[in-house]
Amino acid sequence: MSETRTEIASLGEFGLIEHLTKNFETHNASTILGVGDDAAVIDHFGKQTVITTDLLLEGIHFDLMYTPLKHLGYKAVMVNLSDIYAMNATPTQITVSIGISNRFSLEAVTEFYEGVHFACEKHKVDLIGGDTSSSVKGFVISVTAIGEVAPEKFVKRSTASKGDLICVSGDLGGAYLGLTLMEREKKIYLENPQIQPDLENESYIVGRLLKPEARKEIIDFFEQNNIVPTSMMDVSDGISSEILHICKQSALGCRIYEEKLPIAEDSRKAAFKFGLDPTVCALNGGEDYELIFTLKQEDYDKITLNEDISVIGYMAELEEGCKLLTKGGNTFDITAQGWNAFQQ
């Protein structure tokens, strides 16, 4: 990145918005009017509209000491698109609002928007508005995502049935291990700035933290194979926390098998190196942004075609509780030990 530093005040708010959004093109017919007017206009032509919002705060949700701004822009979009996919919907538009202090130059904010742009291009989503404001302290990001879904095809958390299979996409625990590594390196650096960070070839877990992927291809797979999950969520706070949400809202219990939890080999090795239990990381680590969903048993044959989907358990009667069956044959209550923004 060049050394030039442009003060944002030199552009003014409208000049800043124009500068940051000039490269964004429209991908969706539903976007009638995008950035540049008092409000955007969208029309989903008979589809139902899905809307979600996320707030990301510096020092709570991200640390700029080890989060490149381009990655942050990308991730800010991805976490919202993940919520749209978790409803079995297709994201179509986003708005992005930021609050920035004068410690951020125009070049820094442009880098953030490069990440936003990359995410929009990858998922064919239109940026249709937002706001910029000055912030007294830290970087504040608010993203709203809008999506569309065929009438009544959206999937809720509360509609699982007894006997349904519990499935998860991808693998679990990697993002938490990436965070553990980054926090360790930050602590070492603060104690001795002469020591360069040592990421020890841990590109997989670092990537899981800094560049998560919303699981569009899983939703595409459902559509191609005529699969409608009976309930679904994305894994943002840890799988134990998410399955308890589904159980509570569907008034059911569950059984999860430890040996069925999908953990990448790179994550498993990193966990052992850090003295952590890979199963605990998989259950309680947040920010994997995979999809956890339940399926009717008769749909099992359809998902065997997809190596990226694992069956990890089944829904049980409410009275049976929410239990983890370990490899050693023991049974434990599942507790929500995932990430909680209000326990700082």
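Mentor: D237 sits in the loop between β8 (231-234) and α7 (239-250). Helices (H or I, at least four residues) and strands (E, at least two) are DSSP runs, numbered from the N terminus. This is a predicted model: local features need pLDDT of at least 70, side-chain atom pairs count only at pLDDT 80 or more, and totals for chains, interfaces and linings use all residues. Residues are numbered from 1 along each chain as its sequence is written, and side-chain values use heavy atoms, with hydrogens and water left out.

Trainee: Why is D237 called partly exposed?

Mentor: Its relative accessibility is 23%. Buried means under 20% relative accessible area, exposed over 50%, and partly exposed in between (1.4 Å probe, protein chains only). So D237 counts as partly exposed.

Trainee: What feature does UniProt place at D237?

Mentor: The unreviewed UniProt entry gives "binding site" there. Such annotations may be inferred rather than shown by experiment.

Trainee: How do you know that β9 and β12 pair?

Mentor: Two strands pair if DSSP finds at least two bridges between them. Strand β9 (residues 253-257) and strand β12 (residues 322-325) have four bridges, in the parallel sense. Y257 has L325 in β12 as its bridge partner. α7 packs on this sheet, touching strands that include β8, β9 and β12. Contact means heavy atoms within 4.5 Å.

Trainee: What is the strand order of the open sheet of seven strands?

Mentor: The order is β8-β10-β7-β11-β9-β12-β13, with mixed pairing.

Trainee: What makes β8 and β13 edge strands?

Mentor: Each pairs on one side only.

Trainee: Which strands form the open sheet of four?

Mentor: The order is β3-β6-β4-β5, and the pairing is mixed. The edge strands are β3 (48-57) and β5 (126-134). β3 pairs with β6 (residues 140-149) in the antiparallel sense over ten bridges. V50 has G147 in β6 as its bridge partner.

Trainee: What makes the second largest pocket a pocket, and how much space lies in it?

Mentor: On a 1 Å grid over the protein atoms alone, a pocket is an open set with protein on both sides within 12 Å along at least five of seven lines. About 410 Å³ of space lies in this one. A volume is the space filled by probe spheres set on the points.

Trainee: How many residues line the second largest pocket?

Mentor: There are 20, each with an atom within 4 Å of a point. The closest to the centre are I17, V35, G36, D37 and G130. β5 gives the largest share of the lining, six residues.

How values were computed. Axes fitted to C-alpha atoms, helices over the stretch in contact; angles between N-to-C directions. 1 Å grid on protein atoms, 1.4 Å probe; cavity = no way out; pocket = protein on both sides within 12 Å on 5 of 7 lines; lining within 4 Å.
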